[in-house]
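Q: Hi! Could you walk me through this structure, one piece at a time?

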Amino acid sequence: MTTYVPPTRNQSPYLPFGDQRNAQFYGKDILSVNQFNRDDLEYIFGVAKEMREMVTRIGTFDLLKGKILANLFYEPSTRTSSSFTSAMERLGGSVIPINEVRYSSVSKGESLPDTVRTLECYADVIVIRHPESGSAALAAKYARKPIINAGDGVGEHPTQALLDLFTIVSELGNVDGLTVTMLGDLKYGRTVHSLARLLSQFIVKINYVSPEILRMPSEIIAELKEKGVSQSEYNTLDAVLPKTDVLYVTRVQKERFENQEEYESVKGAYVITPEVMEQAKDKMIVMHPLPRVGEISMEMDDDPRAAYFRQMEYGLYVRMALLAMVLGKA
Amino acid sequence: MTTYVPPTRNQSPYLPFGDQRNAQFYGKDILSVNQFNRDDLEYIFGVAKEMREMVTRIGTFDLLKGKILANLFYEPSTRTSSSFTSAMERLGGSVIPINEVRYSSVSKGESLPDTVRTLECYADVIVIRHPESGSAALAAKYARKPIINAGDGVGEHPTQALLDLFTIVSELGNVDGLTVTMLGDLKYGRTVHSLARLLSQFIVKINYVSPEILRMPSEIIAELKEKGVSQSEYNTLDAVLPKTDVLYVTRVQKERFENQEEYESVKGAYVITPEVMEQAKDKMIVMHPLPRVGEISMEMDDDPRAAYFRQMEYGLYVRMALLAMVLGKA
Amino acid sequence: MTTYVPPTRNQSPYLPFGDQRNAQFYGKDILSVNQFNRDDLEYIFGVAKEMREMVTRIGTFDLLKGKILANLFYEPSTRTSSSFTSAMERLGGSVIPINEVRYSSVSKGESLPDTVRTLECYADVIVIRHPESGSAALAAKYARKPIINAGDGVGEHPTQALLDLFTIVSELGNVDGLTVTMLGDLKYGRTVHSLARLLSQFIVKINYVSPEILRMPSEIIAELKEKGVSQSEYNTLDAVLPKTDVLYVTRVQKERFENQEEYESVKGAYVITPEVMEQAKDKMIVMHPLPRVGEISMEMDDDPRAAYFRQMEYGLYVRMALLAMVLGKA
């Protein structure tokens with residue numbers, strides 16, 4: 001391994017310093033998928049791709065050396081928290097991990113605006129995960145430093161949706177023309193709601209496959225219909241799997257069902273196994289936001305179409321891109 | 001932004017290497033406000049001011065690169081823990097966060113001296129927050145590495161008192177000649193006790209405004225009287241606010257009152273609002289150790305006299321100064 | 001203090017780049033003491049010794065700059081977790097601390113293989129502590145990145161055993177020819193089991209001193225007998241202490257006894273005090289994996305033979321060595 005020489009403004013062969021679009025994200029908050037148009041998405045994915053190349057080549061670099069991220073998690077999420085921590089560290093920055101807020105100032109009754117205005121004295125950017133919808137926007141209203149929403153209850157989880165879309169772009173080369181099938185719990189999963197909204201900016205066909213009681217909310221279907229997205233609903237996967245380019249699997253949680261029998265009967269119908277996948281194309285991908293609890297059998301893991309672990313890795317690059325962008329360094 | 005070149009011993013235009021007073025803090029513990037005389041305070045604030053200039057200019061620098069802080073919190077305190085973490089990271093050092101001691105070795109019955117002697121194998125300096133008075137001194141007795149007291153129960157919280165005083169110095173230029181009014185719970189708040197003791201080294205007038213049952217302890221009043229500090233006690237703010245240079249507000253906690261009605265009647269009398277502040281000078285500051293829970297209305301936040309968020313930021317600089325000093329690098 | 005210049009591949013006067021044995025640990029897992037032969041141990045201790053020299057000379061250096069450790073603790077262990085964190089930071093690397101797994105994905109039912117395959121997207125090496133025996137091996141089976149076992153229930157804790165042995169080597173110069181006496185709970189302590197196995201690769205005499213109900217398991221005695229290790233069992237320390245070179249003390253836990261009286265009677269017989277130590281040699285060491293709860297009196301701490309705090313420090317060097325080795329940088 002050769003000694004790494006950190007890139008400087010003038011030397012970097014990869015990072016688009018001087019790009020005019022850069023300025024528009026500097027100091028901005030990342031709160032909702034709705035804030036991005038197609039140009040923005042292409043820009044973000046361009047930076048994320050560069051991050052991927054840099055990580056592959058040299059692992060870590062000093063683009064954000066000296067910058068500090070406050071990783072403010074009001075509810076635990078190992079995956080998302082670790083992903084942001086790694087993203088900041090791979091960019092040479094530091095992290096203040098804050099995982100105990102429920103025991104601390106907050107339990108003394110401190111308001112979110114006060115917590116955020118305190119943390120921005122210590123950090124350059126704040127990532128926030130909170131159980132209440134709208135809390136990231138509330139934090140952003142009071143903070144001078146950029147806020148990145150890492151999930152606010154039933155609200156948004158924009159970085160998840162961005163990484164999902166970046167996975168599709170990276171694995172299949174483009175989005176236009178694809179058939180995306182969403183499977184499982186489409187009612188409560190904020191992940192599929194946000195992804196559907198992002199996809200509506202592209203020319204796609206979306207299939208929704210779910211039990212009757214877990215269908216995609218009608219307002220989202222209406223929203224996408226207005227934008228001209230072709231959508232269809234199904235109870236089983238059989239009919240659509242052969243034509244699917246992206247199969248997005250979600251967890252069907254026992255708690256959503258009134259009686260146990262209904263759950264058991266439905267559960268089996270949405271498990272992805274090598275047998276089920278015999279009907280699928282050779283060139284397609286299976287995604288899952290993880291954690292999975294049986295919806296995809298472990299025998300699938302060696303199938304090259306299984307993209308769910310690579311999806312985690314794409315998440316790293318997208319979060320690196322977002323951190324660099326809001327700190328004016330992308 | 002220009003590439004940052006870390007300062008070296010001979011180049012730094014800011015940091016007073018070679019200052020003789022430097023040596024007296026190297027390797028020392030920070031346990032109590034009583035350990036500092038007026039010269040020490042001026043030296044600390046001089047370094048803190050330099051830290052502020054460095055952070056403003058370049059954000060982070062490598063003064064403590066390679067040094068490790070063990071951040072040992074026996075009780076959670078997001079604010080103080082994050083402040084020390086940021087202070088160490090802005091100086092280029094690393095942090096071992098230890099927030100789970102209650103679940104761990106300690107719950108297996110390990111003594112504080114053993115825990116500290118273990119951690120000093122891994123770290124260069126230890127910050128300790130502990131619910132029991134005297135525990136920081138106990139830790140320091142056994143440790144070879146510097147111990148910084150980040151609050152030990154009803155005992156001391158010296159870095160809070162230092163940052164409070166640094167806030168006053170930074171905002172108002174000096175301490176001598178000021179009228180400081182302390183408001184709220186003066187009986188149980190270790191913050192106001194420590195600050196009063198520190199102020200006794202300067203020529204100040206102190207007003208204590210509190211409900212009858214939450215008055216400043218008589219032994220502290222006696223201690224300050226002996227040092228010649230002019231002190232007065234009041235039940236309401238009206239009489240003293242117009243002459244106040246520093247209004248230090250604390251929380252009045254419901255739990256301190258025997259009956260709810262008494263609390264409710266008293267509570268309202270100590271809330272700082274824009275209306276209340278009409279009686280205050282133009283050039284004065286309102287401070288609060290935070291978290292606040294209603295003692296200062298949010299409408300106050302845009303008032304330039306509201307110094308409580310800037311106070312958090314001054315805390316960062318003071319803690320940077322202390323870390324650098326005890327590690328021999330200030 | 002002079003400015004530190006990080007060593008590069010060709011300049012380092014200390015680190016044996018180019019050593020052929022290096023390659024055999026690159027990318028490997030550290031799961032069990034059984035994976036090391038005597039040559040391996042000597043190599044590891046050689047690297048650990050170099051780490052010690054580097055830390056003593058310059059504190060921290062950039063051998064693993066840009067590398068990221070995921071510190072995955074399913075059960076809390078301040079000591080082990082802090083030790084690995086410090087080891088990584090002293091090598092210039094970064095850490096993702098994961099202490100809340102019990103609240104998080106895992107409580108949503110995620111399997112260990114999935115958690116590990118997620119984390120390896122973010123990190124370069126994973127340290128895992130888990131309550132279930134065999135879990136480190138399970139993690140290693142699925143991970144592409146190196147796994148280091150930091151204790152898996154009643155299973156193994158190989159880095160503890162390695163640091164114990166490195167302590168003996170460092171303090172006494174060699175292992176062959178020594179008399180090692182293990183004292184206390186020899187039945188449940190995985191520490192003494194692993195150490196005994198490691199010692200069996202050397203020419204040593206081992207004494208086991210324990211209450212009847214806490215004797216060394218017969219299968220371990222049989223295993224060592226087959227390798228030709230001279231072993232003896234005792235109920236009291238008196239007979240063997242004068243000839244002991246290494247006294248390895250463990251905790252005798254109250255919970256192991258059926259009646260309280262038996263515990264009380266036995267407990268006192270295994271407490272190391274200055275009086276007890278009058279019978280011991282001048283050149284010998286007392287070790288303990290810590291935390292201790294009364295098995296060694298605090299009056300012993302100033303005795304130069306008390307090696308248990310130095311033992312913690314040796315642990316840092318061994319863990320630095322292991323991290324550097326599996327990442328191909330030793």
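A: Happy to! Let's start with a word we'll need: a residue counts as buried if 20 or more other C-beta atoms lie within 10 Å of its own. One more thing before we go on: this is a predicted model.

Q: Now chain C. What is the phi of C:Leu290 near?

A: Phi of C:Leu290 is near 55°, again a positive value in a residue other than glycine. The peptide bond from C:Leu290 to C:Pro291 is cis, with omega near 0°. C:Leu290 is in the loop between S9 and H10 of chain C, and C:Leu290 is buried, with 22 other C-beta atoms within 10 Å.

Q: Staying in chain C, how far apart are the end C-alpha atoms of helix H2 (residues 78-90)?

A: They are 18 Å apart. That agrees with what you'd expect, because 13 residues at 1.5 Å a residue should span 18 Å.

Q: Got it. How many residues of H2(C) are buried?

A: 13 of the 13 are buried, so H2(C) is largely enclosed by the rest of the structure. The helix is followed by C:Gly92, whose phi is positive, near 85°.

Q: Can we do a strand next? Is strand S3 (residues 125-130) of chain C mostly covered or uncovered?

A: Mostly covered: six of its six residues are buried. C:Val125, C:Val127 and C:Arg129 point one way from S3(C), while C:Ile126, C:Ile128 and C:His130 point the other way.

Q: Which strands are joined to S3(C) by bridges?

A: Strand S1 (residues 68-73) of chain C is joined to S3(C) by five bridges, and the two run parallel. In that pairing, C:Asn71 has C:Val127 as its bridge partner. Four bridges join S3(C) to strand S4 (residues 147-152) of chain C, also in parallel, and there C:Ile128 stands opposite C:Asn149.

Q: What do S3(C), helix H4 (residues 135-142) of chain C and S4(C) make together?

A: A right-handed β-α-β unit.

Q: Switching to chain A: what is the order of the strands in its open sheet of four strands?

A: The order is S2-S1-S3-S4, with parallel pairing. Strand S2 (94-98) and strand S4 (147-152) of chain A stand at the edges, each with a single partner strand, so one side of each is left without a neighbour in the sheet. On average, neighbouring strands of this sheet are turned by 15° against each other, direction ignored.

Q: Last one: at what angle do helix H3 (residues 112-119) and helix H4 (residues 135-142) of chain A pack?

A: At about 55°, with their axes 9 Å apart. H3(A) and H4(A) are therefore oblique to each other, and their crossing is right-handed.

Methods. Residues numbered from 1 in each chain as written. Chains lettered and ligands numbered in written order. Predicted model: local features only at pLDDT ≥ 70, side-chain atom pairs only at ≥ 80, totals over all residues. Expected span 1.5 Å × (residues − 1). Buried ≥ 20, exposed ≤ 12 C-beta atoms within 10 Å, placed from the backbone. Pairing = 2+ DSSP bridges. Right-handed = clockwise from strand over helix to strand, strands pointing away. Axes fitted to C-alpha atoms, helices over the stretch in contact; angles between N-to-C directions. Parallel < 35°, antiparallel > 145°, perpendicular 65-115°, else oblique. Left-handed = near helix turned anticlockwise from the far one by under 90°.
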